[in-house]
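Thanks for coming. Please have a look at the structure first.

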Amino acid sequence: MADGLVDDRHDSNQELMAQGAANFVSPLFGGIPVTGVIARTATNIRGGAHTPVAGLVHAVFLLVVLLVAAPLAKDVPLAVLAAVLVVVAIRMGEWEEFALLHKKPRGDSAVFLATFSLTVLFDLTVAVEVGMVLAAFAFIKRVADTTQVHAMTGEQVAQGGQGHEPVKDVPRGVIIYRVFGALLFGSAEKLDRIIRRSGGETKVVILHMAAVTAMDATALNRIESMHAKMKRHREHLILSAPHTQPYFMLEKAGFFDELGRDNVCADLESAVARARQLLARK
């Protein structure tokens, strides 16, 4: 919020270290652990503050009030203090964001409104916690929606251009699936389609993974299940061009040894050549 008000970027690590040090020292003087408060920061910024000295002056002023003017401050009506906070809240709010909600994705708008409502009805801590959870679910759904698994026709394979060089003469009984996006638990069920479709005349399934940027344990489990089923039916699975993170994850899990390292190919052309070798053995 403060960064947005001053059009700058603060060092969050330095901030957390400073707050941690302050919270260790404050109990020695009868204080309690606290966090940064945006209300006073926004007040300083709206008042024309440009440097951290404003925060120091603010702290000194509060100290003087507590030590000298406490008997007078206790008589200030709470309604007056509430009015000050209302004015600060109105000034620090970026109200134009509400007018733009209809232009944003529904999931993002829902997270925004939920966080705002919880801030007003409860407190900022609850709003941030719930907002982070909702944002995580929205992100998972977005990733799942962008992940695609589809079969490539012989013409598409021959033309190339989808993360592979042109490959001609794909043998009969070989089906190639191009996987695009991140294979996380929200999208791993799309691999089940391959498991259900394999069979009949299919003898070799090639997973072209050049466009798979990341995968998790759920996707790994799906691939392992796919390989186990195909193995029972005397079919073969070949991985084509696995990306860095999926490659090391599959390697660490020992899947390459189970699959056979000859069935892990650097590109689609090598994968099709390997498929020809496997079909020639039958």
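Helix α3, residues 38-46, and helix α6, residues 78-92, have axes that come within 10 Å and cross at roughly 70°. The two helices are therefore roughly perpendicular to each other, a label for angles of 65 to 115 degrees. The axes are lines fitted to C-alpha atoms over the stretch in contact, with angles from 0 to 180 degrees between N-to-C directions. Helices here are DSSP runs of H or I with at least four residues, and strands are runs of E with at least two, numbered from the N terminus.

This is a predicted model, where local features need pLDDT of at least 70, side-chain atom pairs count only at pLDDT 80 or more, and totals for chains, interfaces and linings use all residues. Residues are numbered from 1 along each chain as its sequence is written, and side-chain values use heavy atoms, leaving out hydrogens and water.

Which residues make the contact of α3 and α6? From α3 they are I38, A39, A42, T43 and R46, and from α6 they are V88, R91 and M92, with contact meaning heavy atoms within 4.5 Å.

Now the backbone. Most residues other than glycine have a negative phi. R234, not a glycine, has a positive phi of about 60°. R234 lies in the loop between α12 (217-232) and β4 (236-240). A241 also has a positive phi, near 50°, and sits in the loop between β4 and α13 (244-252).

Are these residues buried or exposed? R234 is exposed, at 70% relative accessible area, while A241 is buried at 15%; buried means under 20%, exposed over 50% and partly exposed in between, with a 1.4 Å probe and protein chains only.

Methods
Angles under 35 degrees count as roughly parallel, over 145 as roughly antiparallel, 65 to 115 as roughly perpendicular and the rest as oblique.
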